[in-house]
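User: I would like to learn how to read a few structural features. Please show me the structure, and then I will ask about them one at a time.

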Amino acid sequence: MTDHQEISLDWMSGAQSPPPSAELRPEVPHPARMYDYYLGGKDNFPADRAAAEKVLALSPLVRISALANRAFLQRAVRTLAAEEGVRQFLDIGTGIPSAGNTHEIAQSVDPAARIAYLDNDPIVLVHGRALLAGAQQGSVSVLQADLRDPKAILTDPAVRDLLDLDRPVALMLFAILHFIDDADDPYAVVRTLVDALPSGSFLALSHGTADFIDDAEHASKGPAVYRSATAQLTMRSHAQVLRFFDGLELLEPGLVTAPQWRPDQAPQDTDDQVAIWAGVARKP
Ligand SMILES: C[S@@+](CC[C@H](N)C(=O)[O-])C[C@H]1O[C@@H](n2cnc3c(N)ncnc32)[C@H](O)[C@@H]1O
């Protein structure tokens with residue numbers, strides 16, 4: 001693995017996260033605002049931009065990977081809303097809802113679509129609530145929740161007020177499951193959420209991978225490399241990510257790298273540049 005490949009995964013990482021606090025502290029770079037900057041969003045401060053530019057100088061793959069993930073999210077939401085008729089979205093690990101987020105795409109198909117954004121980072125909530133102040137009242141919520149406690153999510157009155165869990169829901173887990181360590185049993189987390197949703201619901205997810213690292217020496221010490229580079233990031237293989245879809249019916253083209261999932265035009269980015277598995281599946 002090259003230094004560039006290591007750094008390209010930086011945007012997925014919580015390594016630089018300051019301690020959880022709802023204080024904006026604009027002078028301290030925040031990973032969610034740096035991610036917003038990579039995506040071309042406006043919810044970032046000079047310190048975030050300066051830190052992000054330093055990362056980009058080391059590896060332009062950071063932005064390529066983040067944009068490819070985001071473009072997949074947008075195509076997936078459009079597919080779910082326009083082709084599959086989904087009108088309810090449970091988007092966990094939403095990040096700062098910058099341009100082209102779930103609610104904008106879903107509500108461009110049907111203004112009545114309802115979206116619950118959940119994140120465990122209080123800074124994301126502060127920015128998210130400010131950004132969504134102009135969004136349709138009552139149809140979009142930004143809530144604090146931890147994916148590792150799926151039962152709390154399912155019983156959260158604010159989630160239940162917004163979403164009717166007796167009707168199909170798209171569960172969206174984009175670039176979040178690699179934050180969930182095996183010790184926290186991410187498969188059980190996803191199963192608990194999917195089990196609570198009715199037939200005709202969907203699971204859409206993206207997940208960082210080290211599958212495209214071909215340097216045998218680096219691959220053999222991969223977890224150590226990633227731990228030093230990106231703290232608690234747990235990369236998973238194609239087979240490991242596929243397991244999240246057990247019992248579900250994957251939509252075409254299956255579990256592929258983000259740029260390969262129903263591209264609008266011929267993908268420019270290669271699998272190893274992006275290093276993200278992407279898939280959408282229906283609950284039978
Ligand atoms: C890389 S961002 C992804 C943003 C967006 N989903 C996307 O794909 O563009 C990951 C987000 O997951 C959130 N996150 C990480 N661990 C979480 C957890 N256990 N529960 C809820 N949110 C979490 C982070 O705060 C961050 O906003």
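User: Is tryptophan 277 buried or partly exposed?

Analyst: First, the basis. This is a predicted model, in which local features need pLDDT of at least 70 and side-chain atom pairs count only at pLDDT 80 or more, while totals for chains, interfaces and linings use all residues. Residues are numbered from 1 along each chain as its sequence is written, and side-chain values use heavy atoms, with hydrogens and water left out. Buried means under 20% relative accessible area, exposed means over 50%, and partly exposed lies in between, using a 1.4 Å probe and protein chains only. Tryptophan 277 has 9% relative accessibility, so this residue counts as buried.

User: How many aromatic pairs does a search of the whole structure find?

Analyst: Rings of Phe, Tyr and Trp (its six-membered ring) pair if their centres lie within 6.5 Å; planes under 30 degrees apart count as stacked, over 60 as edge-to-face and the rest as tilted. The search gives four aromatic pairs. In one of them, the ring centres of tyrosine 187 and phenylalanine 244 are 4.3 Å apart and the planes meet at 20 degrees, so this pair is stacked. Tyrosine 187 belongs to helix α9 (residues 186-195) and phenylalanine 244 to the loop between α12 (238-242) and β6 (249-250), so the pair links parts of the chain 57 residues apart, where helices (H or I, at least four residues) and strands (E, at least two) are DSSP runs numbered from the N terminus. Both tyrosine 187 and phenylalanine 244 are buried.

User: Why is the pair of phenylalanine 212 and tryptophan 277 called tilted?

Analyst: The planes of phenylalanine 212 and tryptophan 277 are at 45 degrees, with ring centres 5.3 Å apart, so the pair is tilted. Phenylalanine 212 is in the loop between β5 (202-208) and α10 (216-220), and tryptophan 277 is in strand β8 (residues 276-282), 65 residues apart. With 23% relative accessibility, phenylalanine 212 is partly exposed. Phe72, Phe174 and Trp261 form one aromatic cluster.

User: Which ring does the charged end of arginine 243 sit over?

Analyst: A charge sits over a ring if NZ of Lys or CZ of Arg is within 6 Å of the ring centre and within 35 degrees of the ring normal. Arginine 243 has its charged end over the ring of tyrosine 187, 3.7 Å from the centre.

User: Which residues are closest to the ligand?

Analyst: A residue is near a molecule if one of its heavy atoms lies within 4 Å of it. The ligand is surrounded by 20 residues, the closest being Tyr35, Asn69, Arg70, Gly93 and Asp119. A polar side-chain atom of aspartate 146 is 2.9 Å from a ligand nitrogen atom, and a backbone N or O atom of phenylalanine 174 is 2.9 Å from a nitrogen atom of the ligand. Both distances can be read against the polar contact cut-off, a pair of N or O atoms within 3.5 Å.

Key:
Polar contact = N/O pair within 3.5 Å; in protein donor to acceptor, adjacent residues only side chain to side chain.
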